[in-house]
Structure formats: C-alpha cells, structure tokens
Number of protein chains: 2
Amino acid sequence: MMSPRTGINQEIIINKAVEIAEKGGMEAVTMATLARELSIKSPSLYNHFKGLKEVKLALALKALNLFYQYLKKATLNQKDGSEAIRAIGKAYIEFANQHPGLYEALISSPDPSSNTIQIAEEAIVDLIMEAISVSPLNEKEQIHAVRGLRSLLHGLVDLKRKGGFNLPLDFEESLEVNLEIFIKGLNEK
Amino acid sequence: MMSPRTGINQEIIINKAVEIAEKGGMEAVTMATLARELSIKSPSLYNHFKGLKEVKLALALKALNLFYQYLKKATLNQKDGSEAIRAIGKAYIEFANQHPGLYEALISSPDPSSNTIQIAEEAIVDLIMEAISVSPLNEKEQIHAVRGLRSLLHGLVDLKRKGGFNLPLDFEESLEVNLEIFIKGLNEK
DNA sequence: TACTAAAACTAATACCATTAGTTTTTGGAG
DNA sequence: CTCCAAAAACTAATGGTATTAGTTTTAGTA
C-alpha cells in the first residue's frame, strides 16, 4: 500500500515526539533530537513532515486528544453540575501534573487556527460546557463562564509551572478553594 | 566612576530589549538582534551580561515593575473591595493587551527563584491581596483567592494569545462576566 | 529481474549562543 | 601632557539549531 521502502512514518515520529516531550518538555522536541532518538539523520524527517512546526502541530493534536480522553473519563459517572465542575477541575490539574510535557504541547500549538486543532479543542469546551450548563446563567454567559473556568485552570497550571506561587501554601488547596469560589459565583444570581 | 571606555551599559541594553520585546515578542529578544539594534557585535554584550538568560531576567524585572506601576495607578482612587477587584482585573488585561511583549517577558522569567523577581512579584500579589482582603474569607483562603484571581486573569490573557478562544464572543465581556462570578463567589459564604 | 518511488543519505546554508583571545579606547595617575 | 590599565569593543572559532538541494539506497511491483 505504501510501495517502496517502508521505513519510519508520521505515527512513529509523533509517538517519539510524545516520549521526548514527556521526558524533556517542548524545549526538547527538535528535529535534531527526534532524528537522534529515531537513529536517522534530521533531513530524513522532512520526508514525513514539512518542518518542525508541522511536527508540533501533530503532537499538539495528539496531546489534545489524550487530554480530552482523560477529562472524559473523569466525568463519566453522571454527576450534577457542581460535582462535574469539581471533577473536571481536579482532572485538569492531574493531567497537567502527570504530563507536563503533553500539557505544554497541547497548549502551545504552533497554529491555533488549524481545523483539526479547533475541532479537538471544541470537544473539550463542550465537555466543560455540559458541567456548567446547569447554572442559572443564560447561554452567552455560560460560554463566558466556560472561558473563565478554562482560564482559571490553565492559569493555575501555568503560573505554578513558571514559579509564580511563592508562598508556602498547598497548591491542591488553592485549586479546591477557587473551584468553590467559582461554583458559588456561578450559582448565585 | 566607570573609568575607561564608557560605552554601552546594562541600562541601554535592557531599554533596547524592551523595545524589541514590544515590537516582536520574546522570540525576537536574542543576543544577535540586540547586538544588531545596538550596532555592536554580539560577543560585546557579554561584557555586560553573562548571557541571554541574564538579559531576560533583567528584562523580566523591568517588565514586572512597569506592570506593577500600571496596576497601582489603576487602584489608586480608594475603592471598596469589589470595585478594586474590577479595577485590577481591567488594568491587568489592558496592560497585557497594550504590551503583549512585556507581559510575555514578565511571565516567562528564566529564573523564578531569583530574589529580585520574587520581590517584584510580591508587590503585585500584595496589591491584589488588598482588594481581596475585604472578603469574609480567612487569611489562608484569601491567599488562595489571590492565586485564583491571578490565575483567572493570566489564563484569559494566555489562552487568548494562544488562540484558545474560537467562539465569536467578545473577550472584554468574558472578563466582565468572570470578574462578577469571582466577586460573587468570594462574598457568598 | 528490473524499474520506480519512497525514504534514507551527504553536503551546504543560515541562523543562533557562547568562549577565547586580541585590539581599541579613554579617564585618571603621575 | 603623556602614558597606562581596565573596560569595552573586536575577530575567529565552536557547536547547536532548522532547512534545502541533490544523491544514493532499497524494496515492492510490474
């Protein structure tokens, strides 16, 4: 089906990229590192991807889908609104803690306007929307609130990773307190 | 006082780095670009800074102080808690919109454990703390809430910049709705 | 078995940061 | 007023990165 000389392919490259991102973060995902780890020379990678950006885009897509699966699992057991929000918040931070490299990959897509990326993001947004749609807000406000919850969670992850939280105060507790603040604010009309 | 051959100095370099960051983002802040813009050769920069990381640290510090001044001004007119939170939130997003390169610089300090950086960050945290200290939360919860507000605002900025908001919905409105959710959640016990 | 196309390769270019070693310059000491 | 030492510039070189062009290898298919 693929004719002559079946060697490395896109899937193999992206799997290796996942591995490298998990070990060393996005900074380690380079054509040079990929080639070394795959025991080929870096120009050979251009037979499969146009360049590093395209590799990172495919990696972002893979990471987004893994992230979605993780969040989905966490919300499977039917829960009411508040519980669903807590479950999503907890899962979001768990994923980012356990897979910092993948989280970095999915958040720093080199081309956010890409169709495939937007579709994958939409699935996550829909998941969060379900949890929030129980609130007394109108639909527009609910979409704003989804942005708010995503921003809160991403902000917590990103500021923590960048050393923005210096006071000796438990991070998990910060998550819990702020989820409660968000839930209360959402339901108090 | 500085003896022989007074040429370029740290201040001049950082001012140019600010200029470059404002125009082209942190990606454009390189030793090569700095040297070109200052009409010197890049190795000469090493007479004034140990390397690019040190330059970026000094730039982050400068950006943090400018950011602090901006937020400070926005909260000068004595306001009650909720109004202060709205003012800080608005100013935070304004600064990030008007100076995306500086915001990027201050948030991506190459060494968050640096003393000078931590002191500058603390000033900003204190500013936000003042606004939040009106709430009925205990002190520990208030610190968590400061983290929450910072995370919400940073998340909004960062997700927007990275193309994370695709629905045709006004960004400023997202800010306003989520500030109200936060304020309500903060005050409802 | 031979051809073809994919996938590897080598070689080269053009960036980047950084180090080592050399030259230039100039304020202040004599 | 001269000279000298130290600061700040320079050149040259190394090694890292992405990428392009052109060549060789290889394996499935005709």
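Visitor: Is the crossing of helix 6 of chain A and helix 7 of chain A right-handed or left-handed?

Guide: This is a predicted model, in which local features need pLDDT of at least 70, side-chain atom pairs count only at pLDDT 80 or more, and totals for chains, interfaces and linings use all residues. Residues are numbered from 1 along each chain as its sequence is written, chains are lettered from A and ligands numbered from 1 in the order in which they are written, and side-chain values use heavy atoms, with hydrogens and water left out. A crossing is left-handed if the near helix is turned anticlockwise from the far one by less than a right angle, and right-handed if clockwise. By that rule, the crossing of these two helices is right-handed.

Visitor: Which helix gives the most to the surface near DNA strand D?

Guide: A residue is near a strand if one of its heavy atoms lies within 4 Å of it, and 22 residues surround DNA strand D. Among the side chains there, A:Tyr46 has an N or O atom 2.7 Å from a phosphate oxygen of DNA strand D, while a polar side-chain atom of B:Arg5 lies 3.2 Å from a base nitrogen. The most, 3 residues, comes from helix 2 (residues 31–38) of chain A.

How values were computed
Helix = DSSP H or I, 4+ residues; strand = E, 2+ residues; numbered from the N terminus. Polar contact = N/O pair within 3.5 Å; in protein donor to acceptor, adjacent residues only side chain to side chain.
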